[in-house]
Amino acid sequence: MAKVTKNKNDKIARIILYIFLTVAVFLMFIMLKNIITPIYGNINSIHWISVDAKLLNASIKTTTTSRSSSNTTVYIYYGPQITYQYDFDGTNCVGRRVWWVESTDNGPLEQLAYKFKSYYKAGKPIQVFVNPDKPCEAVADRSVHWSKLTTSVVMLLVLLLFGGGIMYLLLKMRKKW
């Protein structure tokens, strides 16, 4: 009777570990995508051509989060939302892409948001980078924001350790059978 209960408990523990492992793998995929996309975008756009673009709209997107159980600590993150128009080899295009990953922060993207807003108010053009093979594909900021990537890398490492620990437990439980 005790062996049946132990086997049942082991099976439940394995199912719970598989669920946690699945969630960890999913989160690792998202973090890896957030790390690779800006780096790949930057490398891929090295030969894109810089052109002047007219800002049609510039606003600041805000994201509010709270990180305590009583919701007393509130964090606000900012990011640029723009629409721009440019001509490239006789093709008139309208773009909205600011960076490789749509995001908000209290660092480079916040500064970029205020910069675009001031350029819009002053009627100043901005520089966008245009893909010469696809003229209506452009990005306003093709740089890699390492401060944003550092957070994703740290979270990815934590998830890798968590997932590795779960794999270790699952293998250890399997050897007992």
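**Close-up views of a predicted model**

**View 1. The disulfide.** A search of the whole structure, a predicted model, finds one disulfide. C93 and C136 form this bond, with their sulfur atoms 2.1 Å apart. C93 lies in strand β3 (residues 91–95) and C136 in strand β5 (residues 134–139), so the pair ties together parts that are 43 residues apart in sequence. A disulfide is a covalent bond between the sulfur atoms of two cysteines.

**View 2. Geometry and exposure of C93 and C136.** The torsion about the S-S bond of C93 and C136 is about -70°, so the disulfide is left-handed. Is C93 buried or exposed? C93 has a relative accessible area of 1% and is therefore buried, the cut-off being under 20%. C136 has a relative accessible area of 48%, so C136 is partly exposed.

**View 3. Y84 in strand β2.** Y84 sits in strand β2, which covers residues 74–88. Y84 counts as buried because its relative accessibility is 0%. Which backbone oxygens does the side chain of Y84 reach? A polar atom of the Y84 side chain lies 2.8 Å from the backbone oxygen of R97. The Y84 side chain also reaches the backbone oxygen of A138, at 3.4 Å. I12 lies elsewhere: Y84 and I12 are 72 residues apart in sequence, and their C-alpha atoms are 55 Å apart in space.

**View 4. The largest nonpolar core.** How many residues make up the largest nonpolar core? This core has 24 residues. I82, Y84, Y86, F116, I126 and V128 are the members with the most contacts inside it. At least two core residues come from each of β1 (49–66), β2, α2 (108–122), β4 and β5. In soluble globular proteins, nonpolar side chains tend to be buried together.

**View 5. Contacts of I82.** I82 is among the core residues with the most contacts inside the core. What does I82 touch, leaving aside residues up to four places away in sequence? Its partners are L55, N57, A58, G95, R96, V98, F116, I126 and A140.

**View 6. Confidence along the chain.** The protein chain has a mean pLDDT of 87. In this chain, 93% of residues reach 70 or more. Where is confidence lowest, and where is it highest? The lowest mean, 80, belongs to helix α3 (residues 146–176). The highest, 98, belongs to strand β4 (residues 126–131).

Definitions and conventions. Residues are numbered from 1 along each chain as its sequence is written. Side-chain values use heavy atoms; hydrogens and water are left out. pLDDT is the predictor's confidence in each residue, from 0 to 100. Helices (H or I, at least four residues) and strands (E, at least two) are DSSP runs, numbered from the N terminus. Buried means under 20% relative accessible area, exposed over 50%, partly exposed in between (1.4 Å probe, protein chains only). A polar contact is a pair of N or O atoms within 3.5 Å; within protein, one must be able to donate a hydrogen and the other to accept it, and residues adjacent in sequence count only if both atoms are side-chain atoms. A disulfide is a pair of cysteine sulfur atoms within 2.5 Å. A nonpolar core is a set of buried Ala, Val, Leu, Ile, Met, Phe, Trp, Tyr and Cys residues joined through side-chain atoms within 4.5 Å. Contact means heavy atoms within 4.5 Å.
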